[in-house]
Amino acid sequence: MPIKMTDEEFTTFQKLIYDETGISLANGKKDLLISRLARRFIDLNVGSFSEYYKVVRNDHKEFMELVDRVSTHMTEFFREQPHFDFFESRFVKEMEKNSLKTGRRKITVWSVACSSGEEPYSIAMSILETLAVPVNWEIKILASDISNGVLEQAKNGLYTGDRMKDIPKYLWNKYFLKGTGENAGNYKVKDFMRDIMIFRRFNLLDSQWPIRGGFDAIFCRNVLIYFDKEMQADVVRKLCGYLRDGGYLFLGHSETFVGGATGYPTVIPSVFKKPESE
Ligand SMILES: C[S@@+](CC[C@H](N)C(=O)[O-])C[C@H]1O[C@@H](n2cnc3c(N)ncnc32)[C@H](O)[C@@H]1O
């Protein structure tokens, strides 16, 4: 029998999801919530949304299952290419130039809502392809997301041939192993690139994150769009505190308007530079 959801139940779920994750489920998303949970109700032998509400309130793991089902994880390698063009031609080059003065050969980047890993691995490939002598550098990329499901995929670094289409062909062999046997048609991130990554589960709504700041660049793309205005500005201001002076904040192209909350100048559309200290 199809599951039914009253308007009151939907409002309760909207509020729960909003309070815990910042994701605003639009009023028209009731059918989507029902369809995404239909299978789960069968697995858990749950018959109604009121019953399921009690389950998620008492079981954090199940709450995370719910978050996984309602959030959008759409991503791709080298998404929003102009960001990567800028990242390579300006950011990495600037890091190299500064290293001649300071002797610091370290790059730290945070991919804040990394989904299944395409974004942080694209960042890694951009850095490794642009630095003249990458082995002389310490490169660290923090990749975080609220969803355990996508973080597991990111850690695994296994992608179907279809996902690989956005990566220039000449990079495939350099950074990925071609699957054989039951993995034929899939590609796995090579260990040396995976070793650059640190994966963590963070909720952007947490008041602070248990990490040290001072990142050279932060990518927070295509996640703020799901939050309301106040929350967007809050998250952006918090992230600014984790950026070093002179560091760059990358927002999604459709999130450019949130950049105003940084108070920083725009360097290219949706990329902001924290001023150098006096
Ligand atoms: C559409 S994907 C964007 C992925 C990548 N940044 C990109 O631009 O391709 C949005 C990601 O944000 C994550 N997310 C949603 N709410 C979050 C929150 N409150 N804290 C951390 N991550 C969140 C989702 O799990 C999802 O993987």
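Trainee: How far apart are the mean positions of the positive and negative charges of the protein?

Mentor: This is a predicted model, where local features need pLDDT of at least 70, side-chain atom pairs count only at pLDDT 80 or more, and totals for chains, interfaces and linings use all residues. Residues are numbered from 1 along each chain as its sequence is written, and side-chain values use heavy atoms, without hydrogens and water. Lys and Arg count as positive, Asp and Glu as negative, with His and the chain ends not counted; each charge is placed at NZ of Lys, CZ of Arg, CG of Asp or CD of Glu. For the 39 positive and 38 negative charges, the separation is 4 Å.

Trainee: Is K273 buried or exposed?

Mentor: Happy to look! Buried means under 20% relative accessible area and exposed over 50%, with partly exposed in between (1.4 Å probe, protein chains only). K273 has 16% relative accessibility, so K273 counts as buried.

Trainee: Which side chain makes a polar contact with the side chain of K273?

Mentor: A polar contact is a pair of N or O atoms within 3.5 Å; within protein, one must be able to donate a hydrogen and the other to accept it, and residues adjacent in sequence count only if both atoms are side-chain atoms. The K273 side chain also reaches the backbone oxygen of G246 at 3.1 Å. The side-chain partner, at 3.0 Å, is E94.
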